[in-house]
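Hi everyone, thanks for having me. Please open the viewer on your screens, and we can walk through this together.

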Amino acid sequence: MTAPATDLAGWIAAQRWFAAKSRRIVDTQVEDRVRVGDATVHVVRVGLDDGTVHTYVVPLRDEPPLADAFDDPAFCRALLDLIATTGRVGRERGAILGRPSVAFPRGLPADVAVHRLTGEQSNTSVTFGDALIVKYFRRLVPGVNPELEISRYLTERVAFPHTPRLAGSLEYLPLDGPPATLAVAHQLVPGARDGWRFVLECLARGDAALAALRRLGERTAALHLALGRDTADPAFDPETIRATDVDAWTAAVQSQLDAARAALGGRLPDGVASRVDSSGLSGLTGAVKLRHHGDFHLGQTLAVGDGAEFYIIDFEGEPLRPIEERRRKHTPLRDVAGMLRSLGYAAATARAPADWEAQARAAFLSGYRAVAGRAAFLPGDEPALARALAVLEVEKAAYEVVYEANNRPDWVAIPARGLVTATAALRSGRVAGAP
C-alpha cells in the first residue's frame, strides 16, 4: 500500500530491525515509492529525537492494514526475478536494479518454496528452496556494502571455497547521490548450521569440539590469505602498515576503553590499565593491512555436519559503523581477536569446564598459525604477535562492555572478565591459550 509517513512512524518503531530503539522517532518523510509486483517499496527518512537521521527500506503490501511485503512469497519472487534478469523498476526519484553474478543458479523453478527466516534484527533474510538465501538490508546507507564487495571478490576474483558464493544483488539508485546496496543473494549451504549453536550443542553433550575449532582457525587464515592476494584492485590490494596506522589504531583502542570505563560507572575492573600506548601494536609496523571480516565471531560461521567443514559468512562489518570505516584496511588479527572473544562468550554461556576456553583458544590459534605460516600480515616474531592480539582483545572486550551495558546488563561480567584476561596477556607478552 502507499502509506502516509504519519502512519509509518509507529509501525517502524515497533519492528525488530529498527536500529534506534532507545530513541524516539520525531519525523518521517517518504522519499521514494517503487512498485514491485503487488507491493510498494517505501524509502523512508526517519528523524530521531537526538537529531540523527536514518533511512529505511519499508516494503508494504497493497492492502491495509500495514503489513511487511517480505511475508508475501510473490513479492520475494518478484525481487529475485529482478536479480536474475538484471531487471530495473522505478523512475521518478530512484530505481531498484538487480545484478546476477556468475554463480546465479540457472533453471530455478518458478514455484520454488519461499521462506522468510525469523529471529533477525537489523536485516531480513529469505530462502528459496535449498538453492539461495537473500539478505535484505533494512537500513539504507549510501555506498557499496562490504558484504556485497567482499562476497563478489571472493566469488569472482579468487574463488574462495569456504564462503557461500555470491549469486547476485539489488541496488537502490537515487536520482541524486551514490547507489546503496539493498540486498545480497548467496548460494545456500546444505546441511549447515550456525557456528555458535554448533559449539554450544557440542559442549552440552560433553564434546569439546577442539578438532572443529582448529579447522575453523585454518579456514580463518585461508580467508585472510585470499583477501591478501595482490589483484591489482586498489580496494583489496594489501598495504604496508606504517607508524601513523599504529597511532590511529591505538587511539581507537583508547577511545573504546574510555567508553567501557564510562559504561562501568567510571571504573575499570581491577588489573585493567586505563591507558594503552602504541607499543602494543608497534610490532605490526612493516606487516601489511588488508580487508578483513570486521565483525568475526562464531555466529558469523556455518558448521557442516560435525564441524568437518566451516563456511564464513556475513561480511557486512559492524552495522552501526559508517560504511567507509568498515571498508578500511586493518590488520586481519582483529578477526582473530574477535573469535577468541567469542570463545569466551561460549565458555560462559555454556558453563563449560574451567579449562575449556584455554583449550579452545589453543585449538583455534594452532589451526590459524598452521595455515597462515609466515604470511605478510603477521608480525615478525611471537612477542609482537602476542602483544598485538592482546591489545585487539582489549579493544573488542571494551566494545562488548559498552554493548552489554546498553542491551544486556546482566552479561557485562563476561566482557569485563575478558578485559582482565587480555590486559594480563599484554603484561605477560603471551596470548592466553596460545599453543
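Predicted model: local features only at pLDDT ≥ 70, side-chain atom pairs only at ≥ 80, totals over all residues.

As a reminder, strands of a sheet pair through backbone hydrogen bonds, either parallel or antiparallel. Here we have an open sheet of 7 strands, in the order 4-5-9-10-8-7-6, and the pairing is antiparallel. Which strands stand at the edges? They are strand 4, residues 88–89, and strand 6, residues 114–116. Each has a single partner strand, so one side of each has no neighbour in the sheet.

Now pick out one pair. If you click on Gly98, its bridge partner in strand 9 is Leu170.

Next, the helices on the sheet. Helix 2, residues 73–85, lies across strands 4, 5, 6, 7, 8, 9 and 10, and runs at about 70° to strand 5. Helix 3 packs on the sheet too, touching strand 8, strand 9 and strand 10. Its direction makes about 145° with that of strand 9.

Helix 3 also meets another helix. How do helix 3 and helix 5 cross? The axes of helix 3, residues 146–157, and helix 5, residues 210–227, come within 11 Å and cross at roughly 90°. That makes the two helices roughly perpendicular. From helix 3, the contact uses Ile150, Tyr153 and Leu154, and from helix 5 it uses Leu223, Ala226 and Leu227. By type, that contact has 6 nonpolar residues, no polar and no charged.

Methods
Residues numbered from 1 in each chain as written. Heavy atoms only, no water. Axes fitted to C-alpha atoms, helices over the stretch in contact; angles between N-to-C directions. Helix = DSSP H or I, 4+ residues; strand = E, 2+ residues; numbered from the N terminus. Parallel < 35°, antiparallel > 145°, perpendicular 65-115°, else oblique. Contact = heavy atoms within 4.5 Å. Nonpolar A, V, L, I, M, F, W, Y, C, P; charged D, E, K, R; others polar. Pairing = 2+ DSSP bridges.
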